[in-house]
Amino acid sequence: MNPFSSFLSLLLPLLVTLFLLILLLEQIWYLRRKRNVPGPNILFPFLGNVIPLITNPTKFWQLQAQLSASVGFSVNYVAGCFIVFIRNTELSHLIFANVKPDAFLLVGHPYGKKLFGQHNMVYMFGQDHKNLRRHIASNFTPKALSTYAQLQQLIILKHFKSWERLWSTVSPAEPIPLRLLVRDMNLQTSQTVFLGKYLSSEARERFRVDYDLFNAGLMKLPFDLPGFAFRKAKLGAARILKTLTHCAAESKKRMLQGEDPSCLIDFWMQEMVRVTAVSKTPPPHSTDEEIGSYLFDFLFAAQDASTSSLLWVVTLLDSHPDVLRKVREEVSRIWSPESDALMTAEQLREMKYTQAVALEVVRYRPPATLVPHIAVEDFPLTEWYTIPKGSIVFPSVYESSFQGFREADRFEPERFSEERQEDVIFKRNYLAFGAGPHQCVGQRYALNHLVLFIAMFVTLLDFKRHRTDGCDEIIYTPTISPKDGCMVFLSRRCPRYPNFTLN
């Protein structure tokens with residue numbers, strides 16, 4: 001036997017022993033953190049349960065919810081990360097209320113900092129975060145929301161026309177999948193409402209391609225290597241950030257000249273200009289790059305969450321014809337497409353039942369079912385269990401939506417009527433827009449978008465779902481949507497489409 005072979009024969013048992021020791025230490029590390037909390041008792045080495053999470057996230061989170069039924073939370077291990085799934089609503093509120101340097105950091109995504117960048121609103125807390133939210137409030141005043149509503153209606157109408165043309169050119173006997181169509185509509189809506197004239201046609205197309213790459217990377221393993229989806233997502237996000245930074249700079253120039261705001265970034269920069277004029281110095285976190293990062297946060301929140309909700313609107317209205325009939329009756333009393341007039345803020349407020357439908361869609365199918373946080377320090381979750389430092393904690397918005405409410409597993413918009421007021425009585429269970437210091441600042445805008453879409457969709461189009469076995473099952477994309485992509489038959493319902501013009 002040569003010396004090298006002899007060396008290998010001596011080394012191999014040592015390597016095998018070392019490998020087995022590492023596996024044993026990993027198991028011990030996990031079990032010490034798990035204690036007697038429900039969760040798997042044996043781990044797949046190194047990867048844990050990351051493969052089930054990636055291949056079938058719906059089943060993975062359903063299992064975590066089942067495990068947590070007894071004590072309100074459960075644990076697991078994913079690719080080196082110890083995770084805690086929170087089912088109990090009050091425990092979720094405890095997490096949301098403790099986003100601060102010595103408790104939890106909101107991350108939005110387990111590997112969010114690599115994707116979203118360092119300057120992002122979700123990573124802020126304390127007085128800095130409060131000050132920034134106060135400045136952002138100017139983006140969602142009644143005047144601003146009214147401006148956005150006009151733009152939203154123009155884009156929705158444009159896409160409805162294209163959907164009808166697409167369906168008629170394919171074949172009246174064949175349904176079309178709405179998921180990508182709705183997603184494109186929402187992307188154009190977000191681009192126009194948030195960035196207005198600052199995005200050229202070429203920039204919009206580049207933005208769309210990069211956003212597709214970014215979205216794909218959210219659902220992949222975090223391998224930051226050339227050719228992998230995660231690296232492509234990271235590079236795409238960097239290009240988007242560069243574009244948004246440029247938009248912020250251009251808007252700031254316009255607002256310094258005293259021009260009227262025409263999109264969200266204008267309302268934001270108008271407020272920045274005002275504050276700077278009063279204090280003689282720019283407010284903190286107001287550089288063009290930082291504003292671009294915060295805009296990215298807005299776009300991400302608006303894009304996929306709205307896509308999810310609009311798909312469930314179509315799905316749930318089709319499966320509840322009595323609700324559809326009531327919405328059509330209410331909208332027809334308040335607005336007519338033949339008037340060629342854009343819906344006003346006052347008309348939207350009159351649509352009480354349609355607003356209740358929007359609220360119930362978000363409760364019944366909350367788009368972002370989980371809100372990841374990282375434990376900055378050990379945190380006492382209950383009297384008998386402390387979340388270990390470094391754990392990723394997932395308060396489940398979805399599970400809270402089915403707690404408290406009367407017959408919570410029923411889709412029933414009447415629960416939000418003035419008579420029942422379940423939005424008030426069970427307010428703590430309605431966590432679709434979050435809670436605590438990071439509660440969604442744009443929830444009024446999001447609900448307006450839903451109401452506008454519902455009112456226009458049911459009035460302008462006739463639709464019928466193409467139903468197959470399991471078509472309404474939940475899948476993660478990364479927000480939740482119907483499994484079949486929402487396949488529908490479409491046709492025009494009104495005598496003619498309205499002829500909108502901006503006021």
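Which residue forms a salt bridge with Asp304, and how far apart are the closest N and O atoms? The legends below take up this pair and then turn to other close-up views of the model, which is predicted.

**View 1. Asp304 and Arg183 form a salt bridge.** The partner of Asp304 is Arg183, and the closest N and O atoms of the two residues lie 3.8 Å apart. The pair links distant parts of the chain, since Asp304 belongs to helix 12, which covers residues 288-319, while Arg183 belongs to helix 8, which covers residues 179-195, and the two residues are 121 residues apart. Asp304 is buried, with a relative accessible area of 4%, and Arg183 also counts as buried, at 8% relative accessibility.

**View 2. Arg415 and Glu422 form a salt bridge.** Here the closest N and O atoms are 2.9 Å apart. Arg415 is buried, with a relative accessible area of 0%, and for Glu422, likewise buried, the value is 0%. Both residues also take part in a network of salt bridges, in which Arg415 and Glu422 are linked with Glu360, Arg363, Arg410, Glu412 and Arg420.

**View 3. Arg467 and Asp472 meet through their side chains in a salt bridge.** The distance from N to O in this pair is 2.6 Å. Arg467 is partly exposed, with a relative accessible area of 38%, and Asp472 counts as partly exposed as well, at 26% relative accessibility.

**View 4. Cys440 has no cysteine sulfur close enough for a bond.** The closest cysteine sulfur to that of Cys440 belongs to Cys263 and lies 19 Å away, which is too far for a bond, because a disulfide requires the two sulfur atoms to be within 2.5 Å. Cys440 is partly exposed, with a relative accessible area of 29%.

**View 5. Cys471 is likewise too far from the closest cysteine sulfur for a bond.** Cys471 counts as buried, at 4% relative accessibility. A disulfide is a covalent bond that joins the sulfur atoms of two cysteines, and a search of the whole structure finds zero disulfides.

Notes
Residues are numbered from 1 along each chain as its sequence is written. This is a predicted model: local features need pLDDT of at least 70, side-chain atom pairs count only at pLDDT 80 or more; totals for chains, interfaces and linings use all residues. Side-chain values use heavy atoms; hydrogens and water are left out. A salt bridge is a side-chain nitrogen of Lys or Arg within 4 Å of a carboxyl oxygen of Asp or Glu. Helices (H or I, at least four residues) and strands (E, at least two) are DSSP runs, numbered from the N terminus. Buried means under 20% relative accessible area, exposed over 50%, partly exposed in between (1.4 Å probe, protein chains only).
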